[in-house]
Amino acid sequence: MRGDGMKEIFEYIEQHHDAYLEELFTFLRCKSISTRDEGVKECAELLAGIMEKSKIKASIYPTDRHPIVYGERIEDETLPTMLVYGHYDVQPPEPLGEWESEPFEPTIRDGKIFCRGVSDDKSQLFTHIKAAQAWAEVKGRLPVNIKYLFEGEEEIGSPDLLPFVESHKELLKCDVCFYSDSHYHESGRPQINLGVKGLCYVEITLREAETDLHSMMATCIQNPAWRMVKLLNTMRDAEGNITIDGFYDDVRPLNQLEIDAVSKIPSDNEVLKKQYGVDHFIKGRKSDNFYYNLIFEPTCNIAGISSGFTGNGSKTVLPREAVVKIDMRLVPGQTPDKIYETLRRHLDNHGFEDAQLKHYGMVTPSRTPVDHPYVEVAAQALREGFHEEPVIFPGIGGVAPDFVFTGHLGVPSIVIPYAAADQKNHAPNESMVLDGFFKGIRTSAALPYYLARKICAVDL
């Protein structure tokens with residue numbers, strides 16, 4: 001049961017809904033498109049100002065690309081410390097013609113806020129700022145110390161996050177990392193995510209002639225597009241198994257707690273198929289369970305392929321090159337560097353020594369144990385915030401810089417999403433459900449309360 005202090009804090013949050021929206025909308029209007037360095041620095045400065053106004057000491061740290069905004073509320077060095085991660089950069093809004101309202105003008109329709117970056121990740125990190133402010137205004141202090149790490153490069157792979165963390169380990173010293181990103185379960189129940197997949201993103205290029213040629217030369221000169229088809233067929237079999245030599249060698253065996261957790265995830269294939277606009281799901285390597293495959297199976301996906309003439313009409317041409325982009329999502333045990341080397345060796349062994357191979361992104365997979373005691377802290381906070389029992393995900397199919405916290409800071413990392421499953425992040429008409437936003441502030445306020453109770457074993 002919560003103490004009287006939480007009741008007062010929740011009442012304060014309820015009374016400030018309009019003020020929260022007004023301040024959030026100012027934040028959302030500030031463009032911060034990291035892929036083209038548009039408005040990122042200005043947004044970092046705005047965010048630091050919002051934090052200061054919310055009684056959080058804030059600093060801006062420059063990096064080789066976009067700034068990191070750091071904040072802290074240090075109440076007592078002897079208290080437990082939680083780190084809140086988030087990112088203030090957003091994806092480009094294109095295609096602009098598919099938006100029903102201006103992408104950087106927040107608009108409320110049907111109980112949702114529509115704006116680029118509203119769910120990914122501006123309103124979700126904003127909930128943690130406002131939660132701390134509610135504690136400070138009502139109680140004068142927080143029951144734990146909180147540090148905030150907000151980066152401006154997540155949408156370009158967080159290239160400067162790890163170097164920053166490595167050089168500021170003492171500054172970021174903490175007991176646990178919480179962050180809010182992604183979405184909760186499609187049923188509407190809140191969700192806890194305990195890990196992410198890694199990533200090895202590569203581009204493979206095959207070339208033959210110096211220029212595109214007339215297609216009559218196809219009897220005499222090799223077509224790199226046909227070679228690329230042959231190459232791709234060495235990487236995956238007809239059943240969908242990845243046949244890159246050694247690809248599965250380091251996949252960590254699952255434990256029973258992880259398997260049990262997935263079996264408890266509510267799953268309705270018909271609802272899911274409708275959500276994704278497909279009529280069937282492919283069979284997995286070991287299971288037909290949608291969530292088992294999403295969470296536990298590595299992937300080798302063709303993200304894009306191009307060669308020759310792809311415009312309207314016809315053009316008889318023998319292309320000079322074929323290019324394919326492959327993203328491989330990795331699970332615990334696998335490392336992106338080793339998978340890259342494994343792929344290079346596979347290509348060489350199958351007669352494609354001339355294939356040019358380069359990588360665009362490398363992320364290490366990460367996992368926090370299902371039975372970690374801080375998982376229950378997150379669950380208790382969600383019960384307070386959403387009045388529902390959360391669904392526990394041992395991991396998700398997406399990629400995030402989670403290993404920076406579990407692997408380099410050495411702390412558990414727990415993701416608590418506040419956006420709905422239909423958020424359309426990275427797409428036109430990105431949205432955040434108002435109900436999820438306000439319940440997110442409540443949940444974020446309950447987190448330090450239950451963390452203090454767990455570690456300090458006192459009733460607040």
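Trainee: Which helices and strands each supply at least two residues of the lining of the second largest cavity?

Mentor: In this predicted model, those elements are strand 3, helix 4 (118-139) and helix 13 (434-456).

Trainee: Which of them gives the most to that lining?

Mentor: Helix 4 does, with four residues.

Trainee: Which residues line the second largest cavity, and how much space lies in it?

Mentor: The lining is made up of Met82, Val84, His128, Ala131, Ala132, Trp135, Leu142, Ile146, Ser444, Ala445 and Pro448. The space in this second largest cavity is about 40 Å³.

Trainee: How many nonpolar, polar and charged residues are in that lining?

Mentor: Nine are nonpolar and two are polar, with no charged residues.

Trainee: How many cavities of 30 Å³ or more does the structure hold?

Mentor: There are two. The largest cavity has about 50 Å³ of space.

Trainee: What lines the largest cavity?

Mentor: Its lining consists of Val251, Arg252, Leu254, Phe296, Val331, Pro332 and Arg367. Five of the lining residues of the largest cavity are nonpolar, none is polar and two are charged.

Trainee: Let us turn to charge pairs. How many salt bridges are in the whole structure?

Mentor: The search finds 29 salt bridges.

Trainee: Which residue forms a salt bridge with Glu94?

Mentor: Arg36 does, and the closest N and O atoms are 3.3 Å apart. This pair links distant parts of the chain, 58 residues apart: Glu94 sits in the loop between strand 3 (81-87) and strand 4 (107-109), while Arg36 sits in the loop between helix 2 (17-29) and helix 3 (40-53).

Trainee: Is Arg227 buried or exposed?

Mentor: Arg227 counts as buried, because its relative accessibility is 14% and the cut-off for buried is under 20%.

Trainee: Which side chain meets Arg227 in a salt bridge at 3.4 Å, N to O?

Mentor: That is Glu208. Arg227 belongs to helix 6 (residues 224-233), and Glu208 to the loop between strand 10 (198-207) and strand 11 (213-214), 19 residues apart. Glu208 is partly exposed, at 33% relative accessible area.

Trainee: And which side chain meets Arg227 at 2.8 Å?

Mentor: Asp354 meets Arg227 in a salt bridge at that N to O distance. Asp354 lies in the loop between helix 10 (336-349) and strand 15 (356-363), 127 residues apart from Arg227. Asp354 counts as partly exposed, with 40% relative accessibility.

Notes
Residues are numbered from 1 along each chain as its sequence is written. This is a predicted model: local features need pLDDT of at least 70, side-chain atom pairs count only at pLDDT 80 or more; totals for chains, interfaces and linings use all residues. Side-chain values use heavy atoms; hydrogens and water are left out. A salt bridge is a side-chain nitrogen of Lys or Arg within 4 Å of a carboxyl oxygen of Asp or Glu. Buried means under 20% relative accessible area, exposed over 50%, partly exposed in between (1.4 Å probe, protein chains only). On a 1 Å grid over the protein atoms alone, a cavity is a set of points where a 1.4 Å probe fits but cannot get out, and a pocket is an open set with protein on both sides within 12 Å along at least five of seven lines; lining residues have an atom within 4 Å of a point. Grid points are joined across faces, edges and corners, and a volume is the space filled by probe spheres set on the points. Ala, Val, Leu, Ile, Met, Phe, Trp, Tyr, Cys and Pro count as nonpolar, Asp, Glu, Lys and Arg as charged, and the others, Gly among them, as polar.
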